[in-house]
Amino acid sequence: MSENAVLTSFTPIDRPVRAAFVGLGRIYDLNVRGYLDNDDVRVVAIVDPKQERRAQRQLDWPEARAFDSVDELAASGLGVDAVEVLLPIVLHEQGVEQCLAQGWHVNLQKPFANDLPSAQRMISAARLNGRQLRVMENYVFYEPLRKLKEVVDSGELGPVSGYHLKMVASGRGGWEVPGDTSKWQFDEARHGRGILLFDDGWHKLSTALWLFGPIKEVRAWVGATEVVAGLEIDAPTTVVWEHTNGIRGVWDITLAVDMYLRSDYYTNDERWEVTGRRGFARVNRCTARGIQQPSFEVYLDGEMRSYHALDDDWASSFRDSGRHWLRWLRCGEGPLLWDAEEAMEVLRVALSAYESSARGGVGIDPQSLG
Ligand SMILES: NC(=O)c1ccc[n+]([C@@H]2O[C@H](COP(=O)([O-])OP(=O)(O)OC[C@H]3O[C@@H](n4cnc5c(N)ncnc54)[C@H](O)[C@@H]3O)[C@@H](O)[C@H]2O)c1
């Protein structure tokens, strides 16, 4: 268990985990992958106020009981050990606290919360109830990114000189996002928590903390582009930061509304590049199938090494993150990726970017927030 974990002790569950899904919307399609064909778990309940979603997901779990609210599930007396909370961000706190109060461990989707007090209240609730709260981060389970970390940690690139992330949100291609899902995302954007910097950006900032540790200063310039009347997307945006170890990162976010990208999921052209004194390593894509070349490459001494057999389907990162959580519940060993305190650090960095931009791009120490 990480030294920052919410719980000081944890008793592993010595039988398959009895799990419930709370929220059966778009991202359920990927979170479910950690649960399918997994002997560590038995899905006993599915919860969503929408009848059609319950009916659709019941096909995956014919033996699970379906409920239209957490209250109804709690009142049923059904035995539950852990819950997969897949709710719109504004409902995270209420949903998480309800589940923790029932004595259920919680695996929460990111972003943790819209502000620090809300995240802190969830952490307090986990402590109070003696239950584990994890904020899942699937990107750190994406095999090309794991390979990137392995190469960086091996030292073969030499001392790291810099970290660069590029993200282009495109408007064409990918899967359908239901209208009610888009609605809460647009509400978030209207309340200053943009879909690129805050929602998707959560993952990008997570990779920085995961690779290079704590961040001591963030500077940002958050832009806006009106895509339809009354709706702005938070690009162009640029964020730069410095880790405590001196490594600097830069992340540029661009919007290409009319660009088509082939994707089985969201459309997003993403790159990660770590430059060392001797060479560089690069992840060429993730969510969408942008660049059709190996998803991971390493350049050293005039030669490029390409990885052709990585599991670079983005959905596999959800599968592996979910399996990791369920295994953790069975044995209680290893890092949670992320535990709630670590997720709090990601939130601090994201909020520092907003604070910096609002103050004209000045440097903000994430620890100075609230
Ligand atoms: N890891 C990733 O890459 C990733 C990608 C997309 C979304 N997400 C996150 O996943 C979460 C869910 O996103 P989504 O796109 O699936 O949203 P969604 O709107 O498609 O799904 C949410 C579901 O929750 C249901 N719901 C609403 N209130 C409820 C309640 N009180 N109890 C039970 N169910 C309730 C809704 O009916 C809906 O079916 C968000 O936190 C989002 O940021 C993460």
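How many nonpolar, polar and charged residues does the shell around the ligand have, by class? The shell has 13 nonpolar, 6 polar and 7 charged residues, where Ala, Val, Leu, Ile, Met, Phe, Trp, Tyr, Cys and Pro count as nonpolar, Asp, Glu, Lys and Arg as charged, and the others, Gly among them, as polar. The model is a predicted one, in which local features need pLDDT of at least 70 and side-chain atom pairs count only at pLDDT 80 or more, while totals for chains, interfaces and linings use all residues. Residues are numbered from 1 along each chain as its sequence is written.

Of the 26 residues around the ligand, G23, G25, I27, Q109 and T181 come nearest; a residue is near if its C-beta atom, placed from the backbone, lies within 6 Å of the molecule. Helix α7 (residues 179-190) supplies the largest share of the shell, 3 residues; helices are DSSP runs of H or I, at least four residues, numbered from the N terminus.

The protein is divided into domain 1 (17-138 + 318-335) and domain 2 (143-311 + 349-358), with bounds from an automatic or database domain assignment. Both domains give residues to the shell around the ligand, so the ligand shell lies between them. The centres of the domains, taken over C-alpha atoms, are separated by 26 Å. Contact involves 10 residues of domain 1 and 12 residues of domain 2, two residues being in contact if their C-beta atoms, placed from the backbone, lie within 7 Å. The side of domain 1 that touches domain 2 divides into 5 nonpolar, 2 polar and 3 charged residues.

Key. Helix = DSSP H or I, 4+ residues; strand = E, 2+ residues; numbered from the N terminus.
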